[in-house]
2 protein chains.
Amino acid sequence: MQGYKVSCIRCGAAAQSVLSYSCVYCGGILDVSIDVEFRPELIVGNDTSIWRYRAFYPYIREGDIITLGEGFTPIVRFKNGLFLKLDYLNPTGSFKDRGSSVLISAIRRFVDSNTFIAEDSSGNAGASIAAYAALAGIKAKIYVPETVSGLKLEQIRAYGAEVIKVKGGRTKASEEAIKAEPNKVYIGHIYHPIFRDGMRTIAYELYEQLGGKVPSAVFVPVSAGTLLLGLIKGFEHLLGSGLIDEIPLIVACQTRIVSPLYHAFKGLKYTPPKKVKTVADALVSTNPPLLELMVRKLREINGDAIIVDEEEILEAYWELASRGIFVEPSSAVAYAASKKYESIQGPKIVILTGFGLKTRIYQRSRV
Amino acid sequence: MQGYKVSCIRCGAAAQSVLSYSCVYCGGILDVSIDVEFRPELIVGNDTSIWRYRAFYPYIREGDIITLGEGFTPIVRFKNGLFLKLDYLNPTGSFKDRGSSVLISAIRRFVDSNTFIAEDSSGNAGASIAAYAALAGIKAKIYVPETVSGLKLEQIRAYGAEVIKVKGGRTKASEEAIKAEPNKVYIGHIYHPIFRDGMRTIAYELYEQLGGKVPSAVFVPVSAGTLLLGLIKGFEHLLGSGLIDEIPLIVACQTRIVSPLYHAFKGLKYTPPKKVKTVADALVSTNPPLLELMVRKLREINGDAIIVDEEEILEAYWELASRGIFVEPSSAVAYAASKKYESIQGPKIVILTGFGLKTRIYQRSRV
């Protein structure tokens with residue numbers, strides 16, 4: 001197939017296969033680039049999943065698509081000029097399904113029945129990979145930090161994946177997942193260029209759902225950075241194709257406790273706490289492998305980064321819930337952050353990434 | 001406004017207002033009828049919520065619409081000829097949002113700030129009404145049987161509604177909610193004609209999503225009966241408008257334990273258990289007020305009714321989960337039922353009504 005390449009952002013070497021999660025020559029980050037222009041007439045109009053954009057995924061064969069109808073999630077007007085993208089209304093309850101659908105569709109023909117895929121996750125990506133692997137008939141092991149909340153673990157297991165609890169936080173879980181083992185293929189979403197490439201779709205949807213207009217700002221919670229980078233790439237694609245005139249202000253939103261991107265972007269030193277404890281339990285990557293890339297891209301597009309406190313997160317969570325929008329606290333981070341940009345005129349977008357049913361439910365009086 | 005009427009199905013009297021939940025003259029069931037033909041050109045094509053069908057809701061003013069982007073949920077091909085309608089991907093995690101969005105939009109201008117609305121529910125409808133009431137700024141009290149699972153209660157409370165636990169099962173909760181009280185407006189979804197009328201949208205979506213084809217059969221879990229009756233009405237509307245040639249086989253699916261419709265439809269006597277205990281905890285209406293109407297309509301359209309056992313439900317639940325579809329056991333009832341109709345050629349549709357995150361999660365080894 002043509003129309004794309006996967007290569008190392010450091011040394012430029014081409015990836016060996018769609019299974020590659022990093023550069024075999026220098027260990028650098030791999031990235032997908034495509035040379036198909038975004039043309040609206042290529043959209044499959046009667047498909048209301050991410051696969052309406054299949055023309056812009058030239059590395060996926062039509063017959064390989066593994067889909068649960070992910071994407072094209074609702075966008076609702078919330079306040080003057082502020083829109084919420086309800087991306088928690090994806091098949092497993094989180095935005096990760098965009099990446100999983102694209103990744104599993106891409107790799108399925110290269111994974112045989114003796115092989116299992118290994119993914120490391122703080123919960124949502126694990127559930128998502130587990131679901132799509134199940135649909136594709138691929139065995140999956142999900143490596144999680146031992147702190148992961150009960151419900152997400154149970155969801156991963158419900159899909160039939162094996163859960164492997166790893167002591168020592170998010171980074172340790174990742175190391176354990178990557179470790180070479182017979183019949184194991186590491187496809188961890190924090191590294192894999194194709195998972196991340198699935199996130200482009202959210203930019204396309206915003207473009208379509210706003211009737212071809214560019215939002216003034218997009219607020220996005222950031223942990224490993226896949227959503228942030230995918231979003232930027234999607235808007236760059238629209239810009240490069242001449243469909244939009246500028247890239248919106250993209251604001252990377254983190255918690256004060258876990259804020260490596262914020263600190264790096266602002267040129268500040270970040271010392272993560274020894275033990276991460278935050279209500280935003282999906283945002284726990286204290287040392288994300290994509291950090292450098294995130295900083296570079298965010299600067300290139302004149303984006304911004306911001307942090308919010310725990311109380312601000314819960315206030316935002318309750319405010320959303322009291323208006324009918326029930327998300328996990330990690331998603332409320334982006335809404336809390338958006339309040340700090342009230343002077344910007346709309347349309348502003350807050351991306352809500354995970355369903356409130358996925359975590360412990362915080363009642364106002366009980367905290 | 002014109003183009004519709006709400007009247008009693010027994011005595012024919014017109015309803016007094018959109019707040020009426022039963023006939024003031026004879027206590028009979030109220031029903032909405034509209035005299036707007038379904039014409040595809042009236043669909044608002046770029047709206048991917050139920051409000052793409054706003055032309056067929058002549059009693060709702062455009063400015064009154066309270067929406068969270070509900071409806072137009074994915075339909076995915078599951079097996080040969082079998083499609084799943086993922087209606088759990090609605091804003092509160094269940095199909096009830098269709099009814100709530102339409103009901104709250106219809107009544108909001110008639111409910112002042114001193115008034116609260118009262119709803120009785122086994123959980124999902126309560127969460128849904130709570131969310132839409134919150135969005136509309138209306139106070140809500142939700143009356144639930146004391147057996148309702150913890151998560152659904154917490155979800156209702158998260159939206160800011162008051163939960164009132166009632167001893168004695170589903171029917172008692174209903175009686176308590178209906179009881180007259182100052183500043184209370186009962187809008188219970190099991191009676192209210194407008195809530196039920198919101199369910200028509202699912203038939204329209206199936207029609208559109210199958211490219212104008214009629215499915216051969218639709219499997220739907222039945223408790224109070226709102227989805228079943230709305231679905232039938234939607235297909236009748238399409239038929240009456242000349243868009244389809246016949247109504248699909250509609251199969252009402254119940255558990256053996258709670259199966260009043262199945263028994264009445266088959267002309268059998270039903271004696272509910274003293275204490276209802278089923279994994280399908282959203283299907284607990286042992287004595288649904290709409291029973292007679294359901295039997296009549298199901299016969300009129302040559303529908304069918306069937307029951308499944310607890311083990312069949314859990315098997316279906318696990319089978320769906322092991323293919324990436326995580327629903328609550330009550331939704332698995334419809335899938336379990338569909339297996340008893342394997343001789344019917346497709347396209348067959350199973351409507352999956354509630355997210356698996358909404359109930360206790362059953363792991364295969366742990367039951």
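How many residues of domain 1 of chain A are in contact with domain 2 of chain A, and how many residues of domain 2 do they touch? In this predicted model, 25 residues of domain 1 of chain A are in contact with 23 residues of domain 2 of chain A.

To place these numbers, note that chain A is divided into domain 1, made up of 75–92 + 195–358, and domain 2, which covers 97–191. The centres of the two domains, taken over C-alpha atoms, are separated by 24 Å. Between them, domain 1 and domain 2 of chain A bury about 2,000 Å², and 52% of that area lies on carbon and sulfur atoms. Of the area that domain 1 of chain A buries against domain 2 of chain A, 38% is supplied by A:Thr92, A:Phe195 and A:Lys358, which is more than any other three residues supply.

| Item | Value |
|---|---|
| Salt bridges between domain 1 and domain 2 of chain A | four salt bridges |
| Polar contacts between domain 1 and domain 2 of chain A | 11 residue pairs, both at pLDDT 80 or more |

The side of domain 1 of chain A that touches domain 2 of chain A receives two or more residues from helix H5 (193–197) and from helix H6 (200–209) of chain A, and H6(A) gives the most to that side, with three residues.

One salt bridge in chain A joins A:Lys152 and A:Asp281, whose closest N and O atoms are 3.4 Å apart.

Conventions:
Residues numbered from 1 in each chain as written. Chains lettered and ligands numbered in written order. Predicted model: local features only at pLDDT ≥ 70, side-chain atom pairs only at ≥ 80, totals over all residues. Heavy atoms only, no water. Domains from an automatic or database assignment. Contact = heavy atoms within 4.5 Å. Buried area = accessible area lost by both parts, 1.4 Å probe. Salt bridge = Lys/Arg side-chain N within 4 Å of Asp/Glu carboxyl O. Polar contact = N/O pair within 3.5 Å; in protein donor to acceptor, adjacent residues only side chain to side chain. Helix = DSSP H or I, 4+ residues; strand = E, 2+ residues; numbered from the N terminus.
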